[in-house]
Amino acid sequence: MELIVITRPEMLPGEATIINQLFARGLARLHVRKPGATEAELRALLELIEPRFRGRVALHHHHELANDYGITGLHFTENNRLTQSEGILEKSKSNGFTISTSIHDPKELETLAHCFDYAFLGPVFDSISKEGYSSNLPAGFRLQKHNFPNEVIALGGIHAQNLKSALEMGFDSAAVLGSIWQNPDNAIAQFENLKSLQLSLKSSQQSSFQQSSFQQSSCIPGLKPGAIDLALEMHAFAEKQIKPKAKAVHCPGFQPGDPEKKDEAGFVDRLHFISNETGTMSHIDSIRLALEAGCQWIQLRVKNRAEEEVLPIAWEATQLCDRYGARLIINDFPRVALAVQSFGLHLGLTDMPVPEARMLVGEKMVIGGTANTWDDIVRRINEGADYIGLGPFRFTNTKQNLSPILGIDGYRTLMLQMREAGHSTPIIAIGGITPDDIGGLREAGLHGVAMSGALIGATDPQKTFYQIQQALC
Ligand SMILES: Cc1ncc(COP(=O)(O)OP(=O)(O)O)c(N)n1
Ligand SMILES: Cc1nc(C(=O)O)sc1CCOP(=O)(O)O
Ligand SMILES: [Mg+2]
């Protein structure tokens, strides 16, 4: 798990701005702990946290606000835990929340309910911000988790100089408060320093991973040092998350299947939304727009950014798609797909070949590949691609350096060749497609379409989605 930040108990001027900046710099989890705050005060703070970041918040108090703000974490203080029935905790989990708690004596791990996804144990060191809150762990303490199967997070007095000691004691990660908020003007720099320190400390502890396929692939050209550690952290964090129930929106007679049933053409959705960013919209904003309109198959397509920049976006997209029960496909970045355990990966003609990516991401992940010609299609089929993105249909500004335009006649010819050769790999048309094109493309034998601009630029994306669905059925 990554470093956790806990808020100061009192409200701070400009706090939400700092919180948003922390998230933008990759903070994976913020615990909002404001014991004295009224519901209205807490709402006022939550309103100021950008909606795209709220899924990374855990609430210590006023849990009833979580649903209103798309918050995914509920923290149960020690008192709160002791007075709750396990039923309530289980219910929170089955409603899709990540739940955590605090303990003050390591022995409590012997009996702590396993439904907690992680537990804070502290104070590990003398608190920076809470006077008189001193460490009660014995000298030479080594964490014994007993039967507790989940993560135990060091809390209390953590700063850059003692983070290493906390990890050496056996804690999975650390939660920081005083070292971030002591000087709010310096909060972002402190966070970045602690975060990179934790990553480098963790990577030196992770020698056991070295035999895994993940590590074996570290020779991939262009991979920046540190990215793999970040990916490992994200992967570990991803594995701890609980996937909320799907909110399926599909036309009758068509349900995308599960990846265990890859041989059935229906497991690939007929509408692929391709994310994009504009002057006023981030990739995550575009994905939210598509999800809200009803799309269930989302491709994160971030161009011209380094892997380590894509990873936090992918993580956020994962959480968002999970909340809508949608499937996330990562374009171009196999290791990011592995790190966030996305449903799928899309590879271009000059990217890693499908079999190599398959070795990296495993059998379960859906892998799609681009094609523009009959030779490309045959290559993709021989490589074992689960679907093929064939394009461009027409000129589009969404992608630079387009391959030759196919037009409807190009698709008709290629789909005829597919039928004659007896191939059934689902083919998705892409490139400048509008709802009015779908009928003709389906008649030509295309399984479905991938669209970006037509949805992002729609005046009423929900209406456009409905139109698309009708045309695809
Ligand atoms: C469904 C689908 N088909 C084709 C593409 C194009 O992918 P690629 O060739 O990797 O080009 P970029 O999208 O990376 O510019 C796609 N993304 N999705
Ligand atoms: C991502 C992409 N790939 C293409 C290809 O031809 O391989 S065309 C394309 C852009 C798709 O977005 P829009 O629907 O806005 O044109
Ligand atoms: Mg690509």
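Start at Arg301. Arg301 counts as buried, because 21 C-beta neighbours sit inside 10 Å and the cut-off is 20 or more. Keep in mind that this is a predicted model.

Where is Arg301 in the fold? Arg301 lies in the loop that runs between strand 10 (297-300) and helix 12 (307-323). Leaving aside residues up to four places away in sequence, Arg301 touches Ile274, Ser275, Asn276 and Asn331.

Take Asn331 next. Asn331 belongs to strand 11, residues 327-331. Buried or exposed? Asn331 is buried, since 23 other C-beta atoms lie within 10 Å.

Now the record. An unreviewed UniProt entry lists a "binding site".

On to ligand 2. There are 19 residues around ligand 2. Which come nearest? Gly391, Pro392, Thr396, Thr398 and Gly453 do. By type, the shell splits into 7 nonpolar, 10 polar and 2 charged residues.

Last, confidence. The protein averages a pLDDT of 87, and 86% of the residues score at least 70. Two stretches need a flag. Over residues 206-225 the pLDDT is below 50, and that stretch has 17 contacts in the model beyond near neighbours in sequence. Residues 238-257 are also below 50, with 42 such contacts. For the model, ipTM is 0.99 and pTM is 0.56.

That's it from me. Over to you.

Notes. Residues numbered from 1 in each chain as written. Chains lettered and ligands numbered in written order. Predicted model: local features only at pLDDT ≥ 70, side-chain atom pairs only at ≥ 80, totals over all residues. UniProt positions renumbered as here; feature names shortened; annotations may be inferred. Helix = DSSP H or I, 4+ residues; strand = E, 2+ residues; numbered from the N terminus. Buried ≥ 20, exposed ≤ 12 C-beta atoms within 10 Å, placed from the backbone. Contact = placed C-beta atoms within 7 Å. Near = placed C-beta within 6 Å. Nonpolar A, V, L, I, M, F, W, Y, C, P; charged D, E, K, R; others polar. pLDDT = per-residue confidence, 0-100.
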